[in-house]
Structures are given as structure tokens and as C-alpha cells.
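Let's take a friendly walk through this protein, looking at how its charged side chains pair up and where it leaves some space open.

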Amino acid sequence: MTRQLLIAVVILFSTLIQAKESTSQIQLPRSPTLSLSVTDFGATGDGVRYDTKPIQFAVDACSAASAGCGVCHVVFPPGTYLTATVFLKSGVVLEIQRGAKVLGGTRLEDYPKEERRWYVVVAEDAAEVGITGGGEINGQGLEPRLVGFLRCRNVRVWNVNLTQPAYWCLHIVGCENTSIHDVSIYGDFNTPNNDGIDIEDSNNTVITRCTIDTGDDAICPKTYTAPLYNLTATDCWIRTKSSAIKLGSASWFEFKGLVFDNITIVDSHRGLGLQIRDGGNVSDITFSNINISTRYYDPSWWGRAEPIYVTACPRHRNAKTGTISNLQFINITSISENGIFLSGSQGGLLRNLKFFNVNLTYRRWTNYSGGLVDYRPGCQGLVIHSIAGIIMEHIEGLEVENVNMRWSEERSGPWDNPLDFRPSTVNNISLLNFHSGQLYTAKDL
């Protein structure tokens, strides 16, 4: 079928569907999946000429053809498709096949004038949309974000590789019902704001079987304009120079009902982090079956090798402070160069924290200096403080059961303070089967 004939068929098909919707007299069979190739609309896939217009033409035709009959796939055969922003429409799934690469162009003048729309692929106010196929979207590490779904419903991203974003690789904003699975994200390990997955003001999100190796926060829920409910992340592998999992620091509204399970965190600057700075409250969060390895990097990066970091304090002097309550840490194992940091504030207490079946091993293996507590952003900044297994401030209710803390003396100086807290700010602590002692190696025996 020639390209001209294919386009004519698509236009005719979409016209018949629109007529059906207006008259309810034309009966058309539902098609399970319609597929259109970008090459049939003129895309070259040579990586040199811009394919933005034919790609967008294919998306628009596919969306029109899918109206009332399911989902339409826009197929990218093997090749390199250089493009500026592609606007994904309702009813369309981009099928980037193995051997195919969607390559973000380097000319910022080709992108929308509004910086908020700077993505290589973006969907706005769309439904039944997604990306799949086993291929790659590559941002070349330049200004635009990589992929954004803004105010969308029923989003699915699966079996795709997302590489070299400038910042915020996969951005989910104000969405309902999002599924992200079997996705690989690779960013520059030395680039700030090079986040993996940012979930913003969105509800009912599931992330599973993802690999994230990037410079900044890997999975990062945020609340700018609305609450965030019901996020589940499971079976993921993460390496990052910042926080593997971080709530905040944008935190103007509530976080509630989040579950993180069966996750491996490797050589990260911080493991599980909560940075609540803007007045939103956090409750009912569970971290379970997580293996963590954290280490020091340069102090210019937020984080000081904490395996678990829970903080609530005002971003600035006049800011409101939110509270954090009902957190559970279950079956956690960590090897780290620093201890756990649990810090509320006078207006933002940490309430009802529970640690069950936690094994903590502390030892040094990098040459970066320790002895600093990191409150950033805002609050007190970087503060000199002695090393401790768990530092606690402004807590009401902490339950510790079956926790084993082991210390290595090698290259670290004396690590002889398991629990560091001021009784005037920490109340109602319960310790059951809590053990702390030196880590013995084969050479010690």
C-alpha cells in the first residue's frame, strides 16, 4: 500500500467513526489494535534529517483512527528517528521496536516556546496512551526532559529503554492510573536533576521490574498542586548519586498510601529518603524487603550515605512544616558508610515509626570525609555531627524490633554510639531485640 493510499484509508476510517458518533447509525466492527508505521508517513529514520512532522502526522492519524475502536500503535521500525517534541494523543501507543531509536534533537528552537512543554515525547490531557516496543528514546543529555505525561488517564509505559535525559527522565504529572513496568532508565551519573521517574500530584501508580541507573533521585514522588495517593513500586534495581527513593522535597500536599517492596539499591548516596519541607503531611508508607548499599560522594551532592533518611523541617523561616506518621520499615538490610537519620522539627514531628527485622552494617570504604549531618534543602544545611547508628530528633513514637546493628572499626575511627538523641525531643521509644556490636571479619578471628 502506498503512503498516499494509506493516509487516505486512515482519513476515511476516522471520518466514518466520527459519523458513527454523531448519528449512531453506522455500525463498525471494533478492531483490537490498529498499527501505522511512521515510515509510511515519510519518516526516514536516518538520524540526520528531522522526522518530527511525519511522526506527528502518524500520531494524529492514529489517534483519529482509534476513536471508538480501541488503541492504535504508531510503529517505529529499526532506525534512528531524529525529532523535536512529539505530542502523543489519546488512544495512541508508540511502539519503538528493537533496533529503533527516537533521538531528541539538539536545536532548542525546534521545541515549544513554553519551557513546561520541553519534552522529546509528551502527552497532555490524553487517555489510553503509552510507549513500548523494546527500543530506545534518547535525549542526548541536552535541555529537554525526555518523556512526560501531563494530566492523563490510563497511562502505560513498558518494555522500553529511556536514556540520556537532560533532567527528569520520565515525568508523570496529575495522572490517574499509570503502569510503568520493565523499563530501563540510564542517565549521566554526574548530572544533577537527572531524575529517573518523577511522580507528581498523581494517583494509582504502579512501578515494577524497572532498572534505574542515574545521577539524581531515581523514584521521586512530589506534591506541587495536589495530593499523591496509592503509589506502589516493586522489584526494581537502582543506582544513583542521590536518593534511590525520595518523597519531596516538593511537598505542599499530602502523601498517603505508598508501598515500596523488593527493591535493590546499589552504591547510592542515599537509600530511602523523605524530605518534607513545604507543609504537606505524609502517612501510611511501607518500605519492605529492601537491600541497600550507600556510600559517600562529594558533599556538593545532597546525601551523606544514609541508608534511611526521614526529615520534616521548614524550607525557610516562614514556611509551614508538615508531619510524617505511620512509617514501616520491614525486612531491610543495609551496608553503609553512615547511619540512619530521623529528624522532625518542633512544628513537624515524626510519629509512629516502626522498624522490624532490620540488619544494619556500618563500615567505611571511600576517602570522603564523614561527620556531617545533611538537612538540605533549607533547614540547617550541612552540620558537623558525630557518627551514630541512628540519629533521632523530634520524634513521638518509635518502635524497634529485631534490629541488628554491626560496626566496623576499619578506616572509620570509633563508631561507638548506636543511638544518638536528646530525650527532650524524643518520646515513647520501644526497643525489643535490639543488638549493637562490632563487625568481626575473618582476620579478626
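In this predicted model, the side chains of Lys 89 and Asp 60 form a salt bridge, with 3.0 Å from N to O. Lys 89 sits in the loop between β5 (86-88) and β6 (92-96), while Asp 60 belongs to helix α2 (residues 52-66), so this pair ties together parts that are 29 residues apart in sequence. Why does Lys 89 count as partly exposed? Its relative accessibility is 32%, and partly exposed covers the range between under 20% (buried) and over 50% (exposed). Asp 60 is also partly exposed, at 33%.

As a general idea, side chains of opposite charge can pair when their charged atoms come close. A search of the whole structure finds 15 salt bridges, including these:

| Salt bridge | N to O distance |
|---|---|
| Lys 89 and Asp 60 | 3.0 Å |
| Arg 107 and Asp 110 | 2.5 Å |
| Glu 124 and Arg 116 | 4.0 Å |

Arg 116, at 52%, counts as exposed. Salt bridges also link Glu 114, Arg 116, Arg 117 and Glu 124 into a network.

Now for the open space. What is the volume of the largest pocket? It is about 280 Å³. The pocket is lined by 17 residues, and those closest to its centre are Asn 193, Asp 216, Asp 217, Lys 246 and Trp 302. Sorted by class, its lining holds seven nonpolar, four polar and six charged residues.

Methods:
Residues numbered from 1 in each chain as written. Predicted model: local features only at pLDDT ≥ 70, side-chain atom pairs only at ≥ 80, totals over all residues. Heavy atoms only, no water. 1 Å grid on protein atoms, 1.4 Å probe; cavity = no way out; pocket = protein on both sides within 12 Å on 5 of 7 lines; lining within 4 Å. Points joined across faces, edges and corners; volume = space filled by probe spheres on them. Nonpolar A, V, L, I, M, F, W, Y, C, P; charged D, E, K, R; others polar. Helix = DSSP H or I, 4+ residues; strand = E, 2+ residues; numbered from the N terminus. Buried < 20%, exposed > 50% of the residue type's maximum accessible area, 1.4 Å probe, protein only.
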